[in-house]
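Good morning, and thank you for coming. Please look at the display as I speak.

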Amino acid sequence: MAKTRRKAARRPARRAKSKRLPGWFRPAALAVACTTIALGWISAGWVVSLDRVVRARFEGQRFRVPSRVYSAPTILYPGLDWKLVDLEGSLRRLGYRRVKGTRSLESGQYVWGDNRVRLFVHAFDHPSRPEPARDVVLRLSGRSIEEIRQLPSGREIWALPLEPEQIGAYYGPDREQRELVTLDEVPPVLVDAVLAVEDQRFETHSGIDPRRIAGAMLANLRAGAVRQGGSTLTQQLVKNFFLTPERTLKRKTQEAVMALLVEARYEKPEILQAYLNEIYLGQRGATAIHGVGEAARVFYGKPVRELSTAESALIAAIIQSPNGLSPYRDADGAVQRRDLVLDLMKRQGRIDDAAWKAARAEPLRLAAVTADPGDARYFLDLLRRQLSAVYTPEVLTSEGLRVYSTLDRRAQRLGAIALREGLADLEKRFPHLATEDPSRSLQGCMVVMRPQTGEILALVGGRDYRVSQFDRCTQARRQTGSVFKPFVYIAALEPKRGRPLLTLASFVDDTPLEVKTPSGPWEPRNFDRKFHGRVPVREALERSFNVATARLGQQVGIGRVIEVARRLGITSRLPEVPSLVLGTAEVSPMEITRAYATLASGGVRPEVQAIEDLVDGVGNTLERRRLRFERVIDAGTAFLATSMLEGVAERGTAAGVRSTGLRGPVAGKTGTTDGEHDLWFVGYTPELVAAVWLGFDEPRSLGVPSSVGALPIWRRFVKDFTGGTVRGVFRRPADVERVEIEPSTGALALAGCPERRAELFLAGTLPDHTCPAGGRGLAEAHGDDSPGVRSRFFDWLRRQM
Amino acid sequence: MKGKPARRAALTGPLVVVSLVLASSLGCATRIGYRPAEPVRISEVSPAGDAVRRASLRLCVEGLRADEDGRSARARSQYERAIQIDPTNPWVYLSLARHEVESGEPDRALEYLQQADSLLRAEGALSPEVELHLIGLRGAALQAGGRGGGGDLERAAQLSPEVWGDGRLTASELR
């Protein structure tokens, strides 16, 4: 009863209260509550989705880092011709800076004196062949490096590798270039400089800095324009990582929320490191420079850890407007802005007075702008094709692999110049070769290889990469013409079950020949439309007689010629037809180069190499090259072939090789295909082999022989690369004998023989007949009834001696 | 009066005898039981005034030193640089062959030996003191690859028990 009374007493009071509120209040309150809850849910969902975005980026792969490709290093050693290797040019391209005075050098600086160069070599990071930064002095004597000593110890250095030069990179669609650095590698002074100018309360704020925002608003109001940003470093990172640069309220809100999320989830050092790697610092050509690591390389040519206070301040200074404040565009403006940063650092107590003074006094010393590596782009494409067999394009463009290649930067540059200028010269001399349309112009390619190892030193796949990316040295297959002929002679010179078909004292027939083929008779003709009768085998190759070679091919067998070509390294299809011996098969210049490399290395065929090793983004070696060789021709036969090809370069179709004074051993062969559609010259020295091909992509006659078209390009390259004197000798193996013969008969010249010249023979293949005995056997000349026995005995005796 | 042919005929006999004696002694020395005086060491190879070869040889010696200290990657890198400077230097390929045998890569070792052999022959530097190492390394590589090689190792040990007695060529022995 009492309970009922109490309830009744309360009811009038509540009624009284509801009477005081308007009628709409209840539904309005409900609506507000519902809206708030809904907005809360939506906001929470939005924040959660932003958080997911933040985590995905921060915990996944944060940066796309292009893979970089490097050349082989330049190695300095006593005796090296420093002018020939363009030492100062190499230093400049590597970002070394020439300074005056010799008291103390910093890494990356050099002093060039009259007969000495003092150089502080950069450190080179590599998992298996790191090189320390070191102060060295090179004593010069004329064009030669006399000695290299380390300072201050004075220890002699036998060989000093400079770090490899970057020749290119594999970018993603954004073409961002970035060298990732850890916070440990970044000098504290650079961090201070960045914080001083971009976010001085970074350590204490939680993603957004109200004081900075207020200050920026005030400054902008005073200026009547947007002069100052209020974003913290975290906000800038968020903006670059996740958002577009538009200035809308929605974007700014997103930025602020994401900045708070980033700060809530991650530690300050982690955020700072991400910022230092992400920040945009300008353009280099079509490539965007991101991060302080890359900027240190581009601006100063050194690793970030070696930046000075002034250099750090300059990088921090240009963050606000990387292109407008670029030191390459406006050096004075950049220095002024740098000094402002230094002042700020001093004011904030980040540097002391002495450091401030020293940094302000430091002149701007920028690394030289390195030339666009465009001339190595065919090589880069070749590497990409090779690498893509193992690595996806995504990996290649984003995981920061370092590809150390075999490319010789100097050979590449000289090869590109020789080809470009050689083609231009040819068009000038023969105007019918010039075309208006660059995409249809006369083309060419050049490949240079180290014969003993198969390393590609240079690859110029075409006239202009910008016009055509088709690599004519590795992707094209063209008729080879006479550069195929040496394979025929090798097949004939090579002993197979006893005596070979030919020796270098033999003669071949250059008389009319008709070969029956399923498609009718084949009658080869010589270039000069004449027949030359019985000619010495050397002359047949030196003058590139087609008929003699075709007949020899018939004698030795086309199958055997193909087998020799295969052994030497030709992999393209070789049709078993009589005309094959004159080079009608289509083969790539790279294959031909390898085949000639096998001859240059004494019959040992190398595997073609373009990569030394491959290192991943964190410094693990993924792959190491493996030099591979196989003896495919005996050294003696290879030497005889080389000797014949030396004759081609001395007296034959390639005699022009010496016309500009190139000295030293050179062997090679010209090749001009039917209708002069393709011009070739493949030549070698003991240490390099190079092939030049010229022609139109849609074959048409050039109307000039290869000795006029391809050979001068080869000659220019080799002369420039070697300095005019080729090193080394083609050494005669022990099983090759040098004896005198009577030239007109090929008989062994004895005392009394009126004419004689030296000739080379494989052991056991000396001529049976002698001069003056007039072509009869040696034993017969001595009245012996069994000529072969005595001949063989002397043969054997010579071998033992 | 004896004519020239007669004089030549008279000389032929003694010449043949002398030649036979010389040839057989050479054969005995090089092929049957000759023991090289001292196996070759790369630090003692003369570069013959060639700066390129000198630098390459010194890098090769540095590589051997690194191999001695167990710095295999460094050693390899020195050998590769030595080849870059002078690709015709047979001693580097010989050192690389030794390095590969020790690294358990017998097939690679055999390929390097092939190149070393080719270049040594071309240079006329294939003396018994060098051939000893080629034989020994080939034996060691073949044995490591499970393809015999015992005969070669035995021969190398006979020719130089001090170096090849234990069936291997250390970096310091080659240096």
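Let me begin with an open sheet of 3 strands in chain A, ordered E10-E12-E11, in which the pairing is mixed. Strands E10 (176-178) and E11 (280-284) of chain A are at its edges, each with a single partner strand, so one side of each has no neighbour in the sheet. From one strand to the next the twist averages 35°. Before I go on, some conventions. This is a predicted model, in which local features need pLDDT of at least 70 and side-chain atom pairs count only at pLDDT 80 or more, while totals for chains, interfaces and linings use all residues. Residues are numbered from 1 along each chain as its sequence is written, and chains are lettered from A and ligands numbered from 1 in the order in which they are written.

As for terms, helices (H or I, at least four residues) and strands (E, at least two) are DSSP runs numbered from the N terminus. Two strands pair if DSSP finds at least two bridges between them. Axes are lines fitted to C-alpha atoms, for helices over the stretch in contact, and angles run from 0 to 180 degrees between N-to-C directions.

Within this sheet, E10(A) pairs with strand E12 (residues 287-290) of chain A in the parallel sense, over 3 bridges. There, A:Gln177 stands opposite A:Ile289 in E12(A).

How does strand E1 of chain A run relative to E9(A), parallel or antiparallel? Strand E1 (residues 67-70) is antiparallel to E9(A), and 4 bridges join the two. With E13(A), by contrast, E1(A) pairs in the parallel sense over 3 bridges. A:Val69 has a partner in each: A:Gly168 in E9(A) and A:Val403 in E13(A). E13(A) is also joined to E23(A) by 4 bridges, and these two strands run antiparallel; A:Tyr404 stands opposite A:Asp613 in E23(A).

Both faces of E13(A) are covered, with A:Arg402 and A:Tyr404 buried on one side and A:Val403 and A:Ser405 buried on the other. A residue is buried if 20 or more other C-beta atoms lie within 10 Å of its own, exposed if 12 or fewer, and partly exposed in between, with C-beta atoms placed from the backbone.

Next, a helix pair. The axes of helices H15 (residues 409-429) and H22 (residues 706-722) of chain A come within 9 Å and cross at roughly 145°. Residues on H15(A) that make the contact include A:Ala411, A:Leu414 and A:Gly415, and those on H22(A) include A:Gly709, A:Pro712 and A:Ile713. Two residues are in contact if their C-beta atoms, placed from the backbone, lie within 7 Å. By class, this contact has 9 nonpolar, 3 polar and 2 charged residues. Ala, Val, Leu, Ile, Met, Phe, Trp, Tyr, Cys and Pro count as nonpolar, Asp, Glu, Lys and Arg as charged, and the others, Gly among them, as polar.

Why is helix H18 (residues 546-556) of chain A described as largely enclosed by the rest of the structure? The reason is that 9 of its 11 residues are buried. Among them are A:Asn546, A:Arg551 and A:Val556. The buried residues of H18(A) pack against helices H16 (485-493), H17 (537-542) and H19 (558-568) and strands E17 (507-510) and E20 (533-536) of chain A. Just after H18(A), A:Gly557 takes a positive phi of about 100°.

Finally, chain B. This chain has 9 helices and 0 strands, and 46% of its 175 residues count as buried. Its contact with chain A takes 29 residues from chain A and 30 residues from chain B. On the chain A side, strand E25 (629-631) and helix H24 (787-800) each supply at least two residues. That side has 14 nonpolar, 7 polar and 8 charged residues.
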